[in-house]
Amino acid sequence: MKKIFYFTAVCGVALIAISANNSKNDTLTKDFIFGNPEIAAINQLGFGPEGILFLGDSKNAAIYALDLNDTESKASAGEIQIGDFDVKVASALGTTTDQIKINDMAVNPLSKKVYFAVTGMDGTPILLSLNGDAVENIPLDQLKYSKIELTDAVAKDAKDRRDRPMRVWAISDLQYHNGHVLVSGLSNKEFGSTFRSIPFPFKDTQDFASLEIYHAAHGQYETNSPIKTFNVISIGGKDHLIASYTCTPLVLFPMDALKNGVHTKGRTVAELGSGNSPLDMISYEKDGKSYLLMSNSNRPVMKIAHGDITSSKESLTEPVKEWAVAKGVDYVSLPMVNILQMDNLDMDKVVYLQRTADGELVLQSRTIDRM
Amino acid sequence: MRLYNQSDKIKEIRGNLIFFCLLTLLMGCRQVGGLGKVQVTYSDVGAVNVRFESHGNPKHIAVFLVGESETAVLGSMKSQGNTHWFTPALKFTDRQDYEIRERGLTLAHFTIDNPKVAVAPEILAIYPNTDTVPENLLKIYLEFSLPIQEVGRALDFIKVSDGSNAETDIFLDLENELWNKAHDRLTLWLNPGRIKTDLIPNRELGMPLSAGKSYTIQVEPNWKSAHGKTLGRPYTKTFFVTKADCQKPTLSAWALNIPKKSTLLPLTLDLIEPMDAILLRETLSVISKTKGPLQGTIRLGREERTWAFYPEAAWEAGVYFLEVASRLEDLAGNNLNHLFDTDLRQDQDMGITSETKVREFVID
């Protein structure tokens, strides 16, 4: 009898857990439709809750949310070590490495599965996932998805004679945070950085914020410099956007100041040297402390403690005069160079794509003990 | 797509058929399905699938690159009886050799030979068209006759040299390059951080261009179309640099030439200076006070100094508005609202900023 009671109780708890999980799923994906979303390009990838993959399409100036049915939770991921990864991807796509480009990489935080956005010579977008040492194709013509277009909230975009929008948004980074998809980008017409915060699930009415950001360091000249990569970090219990620009200033914006149509002046917390361009940014925790990792085109991976950003009250307003000198918040250069893509693999590991000194592209994981 | 036929064409490739009687005898374990012929289907977009016949189990049949032993080509297989169609996730690559294998044994191989690749791309225009540009020139556009390859880095195919033939680096290197959707027009920014006074790149490196010098842009002949055909020849453009343009374009200063009623003559506008060629095509519109926006054709004059609007219907007497989006820029990125390089410390009179500027005119 006792056994039956326990069995019933366990089943009851399991049912509640399953239904709670389902109802959560229902909430986020209930408006998703099944079909061919006609994705034209995959420039950026980022995961949200429930294994939902967000995909930035610069050609369609749109963000897609995909339900890949990849929701089985795993506590940790195995080690990854794959050499000649670009050769493997190219072979799987029936071609050679000069005919493809790996645009982005993202890890599903639930399943720890690694996904890749790849472009072919003619622009064909490909979504791949890693299964052991092999890559698998995710057909893009049969998907459960939701979509929002990045139309200009201020001025209606011009259309050409075939009624196609003339403006293209080059999406430079994308991240889900706290019910919103954050997107940075640059227009192909007027020079100006844009940053958008789009509520998710996407709504029919496009009541997303359309923001133009400028930082006014260095003599308070407006720059409108494009954000290359960004991350959201918590400082003093408040969310902040830490954005890295193409000429590498690291700029901090309080999230609650980023409002629709408002020009927000950021605080430049570091100049990480000219002649260098940031490539990717992630955060991780180690021994109870949070750190930011930033990979660069011409510098090793930089490790910056969130706490150092918090304590850094300085806002750089004087130009850094010496060529390629870094100033501002302290950072540690890790012995990791030419890191093209990186993401958190699990709580203890980071996975990255690295071009080694002999030109080989390797996909590998590294524990945070060594960071 | 303009140079392509719309209808799909099937090109039959007779693969080098390999019969495995000997191999089967040697292995002595199973029968490998024989292949009659291999057909590759070409469409406007490339080699989209391969059709073959085999008695074998399609679950054990896969396509490989010749020489690749481990990784099969990703794609989908559809079967009807002994006829199978394999559609690769990425269209087959031109001039590439492939093998169809069953359980590791090669059934046939085929080579992609796409007739569409024979068309070489061309550069139709390098904007600005003018051969004299201000020191603070902000953008250069390249327009191609065909979609261009979407892998690699555009700046690897573009060399800029100054009068002394020294190579110089003037463009902003963006990981996400600024192409239009058709991928046949590229926008290149002259590094704006170097143009804006006192920014670090400006202090360290100075302006990308120097007044009084000539520069030559050379586009390398090995840049390819989306189908892999090279430009085949270099394209060059030489321009002379004059002093910086620090004046906002002003609608009221432009000379408007008003046509007579009942004619199809154009409404023309002399812009005084060359304007951004791409923005100029899309930021001006003509509106009738009584009938709303007019339909017509826009033509740009020499060096994008003039703009003309040819109406679809003859002009009627009445009041009209020429509406210009304020985001229209001159070659230095100065728009109708403000200069590109604006000193925000100066409490200067920025004037009235608005999304559009309007000028009224009357046809009588």
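Biologist: Is B:G193 buried or exposed?

Modeller: This is a predicted model, in which local features need pLDDT of at least 70 and side-chain atom pairs count only at pLDDT 80 or more, while totals for chains, interfaces and linings use all residues. Residues are numbered from 1 along each chain as its sequence is written, and chains are lettered from A and ligands numbered from 1 in the order in which they are written. A residue is buried if 20 or more other C-beta atoms, placed from the backbone, lie within 10 Å of its own, exposed if 12 or fewer do, and partly exposed in between. B:G193 has 23 other C-beta atoms within 10 Å, and it therefore counts as buried.

Biologist: In which element does B:G193 lie?

Modeller: Helices (H or I, at least four residues) and strands (E, at least two) are DSSP runs, numbered from the N terminus. B:G193 falls in the run of residues 192–195 of chain B, which is helix 2.

Biologist: What distance separates the C-alpha atoms of B:G193 and B:I126?

Modeller: Along the chain, B:G193 and B:I126 are 67 residues apart.

Biologist: Which residue stands opposite B:W179?

Modeller: Strand 15 of chain B is joined by two bridges to strand 16 (residues 185–189), and the two run antiparallel. In strand 16 of chain B, the residue opposite B:W179 is B:L186.

Biologist: Which residue in the turn between strand 6 and strand 7 of chain B has a positive phi?

Modeller: Strand 6 (residues 75–80) and strand 7 (residues 83–88) of chain B pair in the antiparallel sense over six bridges, and B:K78 has B:W85 as its bridge partner. These two strands form a hairpin with two residues between them. The turn residue with a positive phi, about 65 degrees, is B:G81.

Biologist: In chain A, how many residues of helix 2 are buried?

Modeller: Helix 2 of chain A covers residues 85–92 and is mostly covered. Its buried residues include A:F85, A:K88 and A:V89, and just after the helix A:G94 takes a positive phi of about 70 degrees.

Biologist: Which residue is the bridge partner of A:Y284?

Modeller: Strand 20 (residues 278–286) of chain A pairs with strand 21 in the antiparallel sense over eight bridges. The two form a hairpin with two residues between them, and A:D287 in the turn has a positive phi of about 50 degrees. Strand 21 (residues 289–296) is itself mostly covered, with six of its eight residues buried. In strand 21 of chain A, the bridge partner of A:Y284 is A:Y291.

Biologist: Which residue stands opposite A:L292?

Modeller: Four bridges join strand 21 of chain A to strand 22 (residues 302–305), and these strands run antiparallel. They form a hairpin with five residues between them. In strand 22 of chain A, the residue opposite A:L292 is A:I304.

Biologist: How many residues has the largest nonpolar core?

Modeller: A nonpolar core is a set of buried Ala, Val, Leu, Ile, Met, Phe, Trp, Tyr and Cys residues joined through C-beta atoms within 7 Å. Those with the most contacts inside the largest core include A:I63 and A:V89, where a contact means that two residues have C-beta atoms, placed from the backbone, within 7 Å. Leaving aside neighbours within four places in sequence, A:I63 is in contact with residues including A:F54, A:I148 and A:V183. The number of residues in the largest core is 141.

Biologist: What is the average pLDDT of chain A?

Modeller: pLDDT is the predictor's confidence in each residue, from 0 to 100. In chain A, 73% of the residues score at least 70, although over residues 206–210 the pLDDT is below 50. For chain A, the average is 80.

Terms used. Pairing = 2+ DSSP bridges.
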